[in-house]
Each structure stands twice: as C-alpha cells, then as structure tokens.
Amino acid sequence: MMRPMKLAGSELMFGEGCLAYIKTIKAEKVSIVVGGKSMERSGMLAKVEGYFKETGAKTMIISKVEPDPSFETVIRGAQEMLTFEPDLIVGLGGGSAMDAAKAMWIFYEHPELKTMEDVLPPNEFPKLRTKARLCCIPSTSGTASEVSRSIVISDNEKGLKHGLGNMEMMPDIAICDPEVTVSMSPKITAETGMDALTHALEALASNRANYLSDILATQAAIDIMKTLPKAYQNGNDRKAREIMLEASMVAGMAFTNVSLGIVHSMAHTLGGIFHVSHGLADAVLLPYVIRYNEADERAKKVYDDFAKKVGEQHLYTAVEELNKTLNIPSCLKEIIPEEAQFVAKLDEMAALAKEDGCTKTNPIIPNEEEWKQLFMKVYKGE
Ligand SMILES: [Fe+2]
C-alpha cells in the first residue's frame, strides 16, 4: 500500500554543538517555551536566548509548563504569544515543553478556536504558519516530539489525555544537541530512554510498518538497547548521550509515520487515570505486550528476527533484563499499591485503551475481556 513518509521538518540539525545553529535562524521575535527550572539551572536556556540575541531577535520566555501539560497551560501560553506576537516559537525541554509549544502554536495562530475538541476529529485541523514557525530543542532522549506530528494534552477537568496527530504540527526546525540532554537525572534518562525503545519496537510491529520505517526502527532499537545502560550509569558519557538522542530521533521518524501499538494505548490510559509518567508506564508494559502480541504470527517473527540481531533468544526477556538494569519496577503494583483502586478502574481503563489512537496499528486488537486481563497481568506481574 502506498504510504507517504515525512521524516522531519525542513531543518534537522544533530550532533554535538549544533545548538549554535540558532545563530543562523532568521526571526524577529521568539517565544521560548520551557518546563520547570532544569533548562535554567543547566544554563541551556541562557545559551539559547544568547544565541537568538546575537542574531538581533527579541525573546520572551513562557515557563512553568507542567509534566503532562494541561489545556489551561496551553491557553495561558497562547495568550502570552498573542500579546508578544512571535514569528518563531521554540519548545525547549522534554516532551511536555515541546508538546505544549506545539499546542500553544495552534491557539496562537487561531484564537477563534477555544477548546481541544475544536481541533480534534471530526473537526478539521487548522492550517498553521501564518504567524510563526516552530523549532524544537529536546532536553530528553525519548518523546521525539522534535520530529513528530503528535501531542498529548491533558484535560484535567475530565481526567483525560488527548492525543492528537497532524503533519501540520511537524516542527519546522529540530535542533538535537546532546549537550542539552546531559543534565537529565538517571531516572529520567531511564524512563525517557525506554519510551524511545517502545517507539522503535512498536513501530517495528505496527501493522502499517514499511521498508523505510523498519530500517529506522531497527537501528534505533539496537542502539538504544546497547547504549541506554551506559547513559543511565554515567550521564556525562557524551558519546552515549549523543547516540541516545539520535536513536530517539530516528525512532520518532519511524513511529510518527507508521504509528504505535497498545503499550502506548495503555500508557496513555495509566497516565490519565493514575498519573504514571509516560516513559515509566511504557517500560513496565513493554515486555507484557510483546508476549501478548506474540500470538500474532507476523509480530512473533518481527520480535524473533530483532532478538537475533541483538544476540538474544527472546525479546521480552531482553527487555525485562534491561528494565532491571535501569531499576524499573517489574509490575504496576509497585507503582500503584492499592489493588482495589486499580481494579475499580478496570472497565474505564479497558474502554479508554480501546479508543486510543495507537490501538488500531497494534498487531492484535484485544477484546474487552483481554484488555482487562492484560491490565491485571501487568498489575500483578504474571
Ligand atoms: Fe511515547
């Protein structure tokens, strides 16, 4: 089947020192969207601002984007942009800062839109770029929001996470400099790294996988499995940081085109209901979903062929081992201790996971009973 592929925006920079590329970007007014204090503490925010100032551009900072950015934060940022009128928006930070920047961009370009539902199907996604372009500078090696067309925005009133994808949101400029990622803690390195591995392995097993996405996803997954323990054990290992950032980016190129699978459907659900962080949920779920998907002949072959490439017999045991090395819990009970609370939400979780946009490209679509069984298996560690 013919499928279009878009791998990144018009400018994709990577490699140590590429942050200085900012000095060549033409912009008059730049809104820089950041999360907490980490980019300030590491000096990266000052460096980014400094490079823009060298070009003569004016900058303003939109800060305090929370993990799992909310729609309120998106609207707050869009309002600030409407006053400042930037012609370039920069998302600097992890997935939350980059996703928030993308979402603020939509409501800055289109102040007539008022709710997330206004941009969700069946409503048509609006055209962007009449006011500004978007640049993403990742500080984690995981979400690949810098080369993806998707965002996840939380609706805190309804306790929902809205996943939305449209090629219109592909950042025009991506700057992937490993120096920006060096300040990540070992825990964040492990969790975001496992998100990247999940992107690669779910893209590989996706029922829309193709020749090109397979090449990208395979190499990304090989590099992540080899390098993530090094980046986790020594955050100052520049080579490991560089490989992780590039592998995450390449995994992103694969999944943004062929989509993901039910690790992501279940992780979005657990994030919305129990506020389990995205990468951690992915990491815990991944080996269970691989085992579940092995009932599908094509998926089993994909996993077995990949396992051979990394010198392993079974992919799920290799992922379990990797999780152990990274001190990631082996089941959800370790994260959500109250079993009754978890069981009480099973029906709701099954319904949400079923409706998630990532479900339709999974090798097997679970029925309602299977969703619940799978959630319970991951909970109890069976
Ligand atoms: Fe993800």
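How much space lies in the largest cavity? About 70 Å³ lies there. Before I go further, please note that this is a predicted model, in which local features need pLDDT of at least 70 and side-chain atom pairs count only at pLDDT 80 or more, while totals for chains, interfaces and linings use all residues. Residues are numbered from 1 along each chain as its sequence is written, and side-chain values use heavy atoms, with hydrogens and water left out.

Let me state what is meant by a cavity. On a 1 Å grid over the protein atoms alone, a cavity is a set of points where a 1.4 Å probe fits but cannot get out, and its lining residues have an atom within 4 Å of a point. Grid points are joined across faces, edges and corners, and the volume is the space filled by probe spheres set on the points.

By that criterion the structure holds two cavities of 30 Å³ or more. The largest cavity has a lining of 15 residues, and those nearest its centre are L201, E202, A205, N293 and Y303. Two elements, α6 (186–205) and α10 (278–293), each give two or more residues to this lining; helices here are DSSP runs of H or I with at least four residues, strands are runs of E with at least two, and both are numbered from the N terminus. The most is given by α10, with four residues. In terms of class, the lining of the largest cavity has nine nonpolar, five polar and one charged residues.

I turn now to the metal site. Which protein atoms are the donors of the iron ion? They are OD of D195 and NE2 of H199, H264 and H278, lying 2.1 to 2.3 Å from the ion. A donor is an N, O or S atom within 2.8 Å of the metal (3.2 Å for Na, K and Ca), and since water is not among the atoms, sites may look incomplete. Along the chain, the donors follow the spacing D-x3-H-x64-H-x13-H. Within this set, H264 in helix α9 (residues 262–274) and H278 in helix α10 are 14 residues apart.

Why is the arrangement called irregular? The four donor atoms subtend angles of 84 to 169° around the iron ion, and therefore the arrangement is irregular. The reference is as follows: four donors count as tetrahedral if all angles lie between 85 and 135 degrees; four count as square planar and six as octahedral if opposite donors are over 155 degrees apart and all others between 65 and 115; anything else is irregular.

As for accessibility, H264 counts as buried, at 2% relative accessibility. Buried means under 20% relative accessible area, exposed over 50%, and partly exposed in between (1.4 Å probe, protein chains only).

Next, some backbone features around these helices. S259, in the loop between α8 and α9, has a positive phi of about 70° although it is not a glycine, and S259 is buried at 12% relative accessible area. H275 lies in the loop between α9 and α10 and also has a positive phi, near 55°. Is H275 buried or exposed? At 60% relative accessibility, H275 counts as exposed. In helix α10 we find A281, which is buried at 0% relative accessibility.

Elsewhere, the peptide bond from P121 to P122 is cis, with omega near 10°. P122 is placed in the loop between α4 (95–109) and β5 (133–138).

Finally, the cysteines. A search of the whole structure finds zero disulfides, a disulfide being a pair of cysteine sulfur atoms within 2.5 Å. For C176, the closest cysteine sulfur is that of C18 at 6.5 Å, too far for a bond. C176 is buried, with a relative accessible area of 1%, and C331 is buried at 9%.

Technical notes
1 Å grid on protein atoms, 1.4 Å probe; cavity = no way out; pocket = protein on both sides within 12 Å on 5 of 7 lines; lining within 4 Å. Nonpolar A, V, L, I, M, F, W, Y, C, P; charged D, E, K, R; others polar.
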